[in-house]
Amino acid sequence: MQISSSARNTRATTTEDDAGISPSSAVSLSGGSLYALAIVRLLVGLLWFQQLFWKLPPSFAGLHRYLVEEGQYTFLPGYGYIIQHVFLPNFILLGAITWTAELLVALSLLFGVFTRLGGLLATLLALQLYIGLAYAPGEWYWTYGMLVLLGIVLVIIPSGRRLGVDQWLATRLPYSEQTGRLARIGRWFV
Amino acid sequence: MVMMKTLRRGLLAGLCAGFFAALLFIVDYGPANSLNTVARWLGLDSSGSGRLVGFLLMLLLGAIFGALFSTATGRRDIALGRSLLLGVLTGAMEWIIVVYVLGDLVNHLRIDFGSWLFTFIPLLVYGLLLGSLSYQWRPRPA
């Protein structure tokens with residue numbers, strides 16, 4: 001039971017590659033590793049899932065304090081101005097978008113459906129948190145840094161191919177040069 | 001004999017999926033305070049043993065619904081997509097019977113949007129894991 005992280009097959013070009021001993025040959029994961037990775041994915045999904053409950057709609061009240069903090073302590077020049085003059089006056093809309101995005105990340109990772117897309121969205125959300133909150137008082141800057149790195153790992157490795165819907169989707173979206181652009185993009189995200 | 005094997009496979013897959021679903025209720029500020037909620041579904045919560053009861057309940061319910069799942073799929077060589085779909089439906093059925101009927105209607109637990117989301121999604125995940133594991137462990141033709 002093996003899986004490659006790439007949709008394309010890597011063609012061996014040297015004698016060492018033919019013997020499968022080249023330092024640059026493609027890496028395959030064993031069945032056990034894939035299951036371990038699936039459990040990691042489930043728990044990261046749980047991480048995002050649990051964060052939905054302290055900022056539930058319709059008020060998204062729990063989020064407000066953190067948005068104010070982001071406006072004060074962001075290290076990115078100009079971002080504080082955007083938060084204070086664009087995001088905070090439209091807080092309910094921002095809350096709805098943030099909550100929905102986090103719900104999508106949680107569902108994607110928990111169910112292993114278009115997992116790499118979920119990982120990408122998780123990375124972007126975590127990056128925004130890093131920019132806004134990493135240097136706020138009482139925060140450890142690595143908290144959000146690790147969240148970004150975790151998201152990147154889930155973008156790189158197709159972790160939904162075991163214990164996830166992606167295992168089924170992968171067979172439904174076969175790689176082919178003839179398939180449409182949308183199918184190819186969909187294929188990459190599983 | 002074949003049916004017994006199918007049932008045993010469903011029980012085992014349900015037990016494993018129930019264990020993973022229990023994990024979703026263990027990782028919290030408690031730890032495992034959320035397992036008290038699971039015990040409350042059947043009116044079995046107590047301050048001393050609520051978490052343990054909740055954990056065992058997740059395993060037991062997992063095994064029972066796993067057996068039901070295997071009975072529904074029977075001896076047929078089921079495709080992955082159908083196995084996942086039936087698994088998710090089993091998870092939804094578990095939510096309706098255990099959380100809604102027993103928890104809400106019988107034990108008068110209040111189900112608002114937050115508690116619906118908090119209980120429904122993990123049980124759907126249980127169902128997905130059940131479908132996935134059952135497919136993985138199915139007997140293959142020699």
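Me: Which helix of chain A does Met146(A) lie in?
Reply: Met146(A) lies in helix 7 of chain A, residues 141–156, where a helix is a DSSP run of H or I with at least four residues, numbered from the N terminus. This is a predicted model, in which local features need pLDDT of at least 70 and side-chain atom pairs count only at pLDDT 80 or more, while totals for chains, interfaces and linings use all residues. Residues are numbered from 1 along each chain as its sequence is written, and chains are lettered from A and ligands numbered from 1 in the order in which they are written.

Me: And why does Met146(A) count as partly exposed?
Reply: Because Met146(A) has 13 C-beta neighbours inside 10 Å; with C-beta atoms placed from the backbone, 20 or more others within 10 Å would be buried, 12 or fewer exposed, and in between is partly exposed.

Me: Switching topic, how many residues does the contact take from chain A and from chain B?
Reply: The contact takes 14 residues from chain A and 16 from chain B, counting two residues as in contact if their C-beta atoms, placed from the backbone, lie within 7 Å.

Me: Which helix of chain A gives the largest share of the side that touches chain B?
Reply: Helix 2 of chain A does, with 5 residues.

Me: What about helix 5 and helix 6 of chain A, at what angle do they pack?
Reply: They pack at about 140°, with axes 8 Å apart, the axes being lines fitted to C-alpha atoms over the stretch in contact and the angles running from 0 to 180 degrees between N-to-C directions.

Definitions and conventions. Helices (H or I, at least four residues) and strands (E, at least two) are DSSP runs, numbered from the N terminus.
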